[in-house]
Amino acid sequence: MGATPDQAMNQSAPPAVRLVLALCVAGVFFPYSWQNLLLLALPICAWMLRPQGKPLARPGLWGYAQILLWIWTLASLGWSDHQGEGVTEVLSKAQWLVWPLTFMALQPWLAEQHRWFARCIWMSAVFVTVLCVGDVLLRSSGPSSWFQDMVYENLARASGLHPIYLSMWILLALVAYAQDRILATPVRDLPSSKPTPRAYGGHIAYMLFTVVMVTQLSSRMAMLTGLAMVGVFLLILIRLRKFRWWMTVGLAIIVLLPWLLIQANSVNRSRVSEMVDLQADHTTNRWGGRSLRVAKWKNTLECYGENPILGTGAGDFQTELNKVYRRNGLETGYINQFNSHNQYLQTLATLGPLGLFLLLLAFLHGLWWAWKDQRWEALMVFVIILSSMLTESMLERQKGLYIVGLLGNGYFWGMLHRSGSAPQVKNQDPRNHVA
């Protein structure tokens, strides 16, 4: 019997590679100063670990799109009036260079390390969740308040992440769990082709953990993204001809459980009600719901209309958007310095059509490659990333940029390497794996 992927990993990959990948994942929860130091060190460490004699990985369309997006952001300083803000923006977006360079160097190891990478992701979600729940229990006034207190920012507090980003991480961790615990078990290593009841129990428990945490974190974007994940998962099952009608029971639970949690928690109920209330005006929004987001999008498009070729430039976007807010009487947008809450519109208004084209080119290329090569875990990662950017400017905060850069590049480069190495290692293709 040939070596399994994990055995091959232990034989050939230096332990430092695992450490670098674990640090990459842990960095999501680091304070900003530590995260910046890590971002400086990552490419250096990765290139020091690059195996000698291996051909240098090429950036390809995926890497070049990111690099060109950063170069275009840098070039936009030429038509920005607020140079200080522009430089800050350019430096923060240097992650467009950090992540491709890091994973280009680590690429020779990623085929062996993909399961370890996934394990670090989903285990970090479990660990941080335990920390967050414990923090709420310690600060709560008593058992009668536990459930009402365990919601939104109060629940996410100990993680150091905004609920939006923690919710997104937990959704991505569900994909990583499936990759590590379900897709990575070859048929020939199982006593039968069906998982044991214990394995089923573990899978169901992790899925319920994800549903409960995403609901209690009360990120409406994450809830909608979760629905998109379910839709894509169904398409995958149908494409593979593995859909069974009994699965509708599980889907019903996924829908019913969040509904019950939302109805039972006052904050959850208020936030979701605001989202679905089609009659509400943004002036009455307490939680920045649907109508306020639509107002931000309209103002962003108006801002873009004043700079349709090049955009405002990296340094002037917020200033120009604030002017539009004031002109249109959206005082809450001006006072709170709201961004667009849509990454595509914000990129268009800041960097013009070319900036938006490069952003879409990178992530749609990753999505297309995952679909073409039937790398379902990578496909789900790109679906989550692309969906999340519809209602949030995910790349305008360092934490969001870090998560998107880490997992977008990690899964793309790992997918690319595994595609290239598949003919050399028999029976290691995920399409030969079972749940």
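Analyst: The nonpolar patch and beyond

Helix H10 gives the largest share of the nonpolar patch, three residues. The model is a predicted one, in which local features need pLDDT of at least 70 and side-chain atom pairs count only at pLDDT 80 or more, whereas totals for chains, interfaces and linings use all residues. Residues are numbered from 1 along each chain as its sequence is written, and side-chain values use heavy atoms, with hydrogens and water left out.

The patch covers about 440 Å² and is made by Tyr200, Ile204, Leu208, Val249 and Ile253. Its members are residues with over 30% relative accessible area and no salt bridge, nonpolar side chains (Val, Leu, Ile, Met, Phe, Trp, Tyr) being joined within 5 Å and like charges within 9 Å; the areas come from the Shrake-Rupley method with a 1.4 Å probe, and for residues only the protein chains shown count as cover. Helix H10 (197-216) and helix H12 (247-264) each supply at least two of the patch residues, where helices are DSSP runs (H or I, at least four residues) numbered from the N terminus. Leu208, placed in H10, counts as partly exposed because its relative accessibility is 32%; the term covers the range between buried, under 20%, and exposed, over 50% (1.4 Å probe, protein chains only).

Helix packing can be described through axes, which are lines fitted to C-alpha atoms, for helices over the stretch in contact, with angles from 0 to 180 degrees between N-to-C directions. The axes of helix H4 (residues 60-75) and helix H6 (residues 95-139) lie 8 Å apart at an angle of about 155°, and H4 and H6 are therefore roughly antiparallel (angle over 145 degrees). Their crossing is left-handed, that is, the near helix is turned anticlockwise from the far one by less than a right angle.

Side chains of opposite charge can pair when their charged atoms come close, and a salt bridge here is a side-chain nitrogen of Lys or Arg within 4 Å of a carboxyl oxygen of Asp or Glu. The structure holds 12 salt bridges. In one of them, Arg119 pairs with Asp180, with 3.1 Å between the closest N and O atoms; Arg119 lies in H6 and Asp180 in helix H9 (residues 163-183), so this pair ties together parts that are 61 residues apart in sequence. Arg119 is partly exposed at 22% relative accessibility, while Asp180 is buried at 0%. Asp135 bridges to Arg157, their closest N and O atoms being 3.0 Å apart; since Asp135 is in H6 and Arg157 in the loop between helix H8 (152-156) and H9, the pair joins parts 22 residues apart in sequence. Asp135 counts as buried, with a relative accessibility of 14%. Elsewhere, Glu89, Lys93 and Glu396 are linked in a network of salt bridges.

Most residues other than glycine have a negative phi. Gln337, in the loop between helix H16 (331-335) and helix H17 (343-372), has a positive phi near 55° and is partly exposed, with a relative accessible area of 41%. Gln374, in the loop between H17 and helix H18 (376-391), has a positive phi of about 55°, but it counts as buried at 18% relative accessibility.

Terms used: Parallel < 35°, antiparallel > 145°, perpendicular 65-115°, else oblique.
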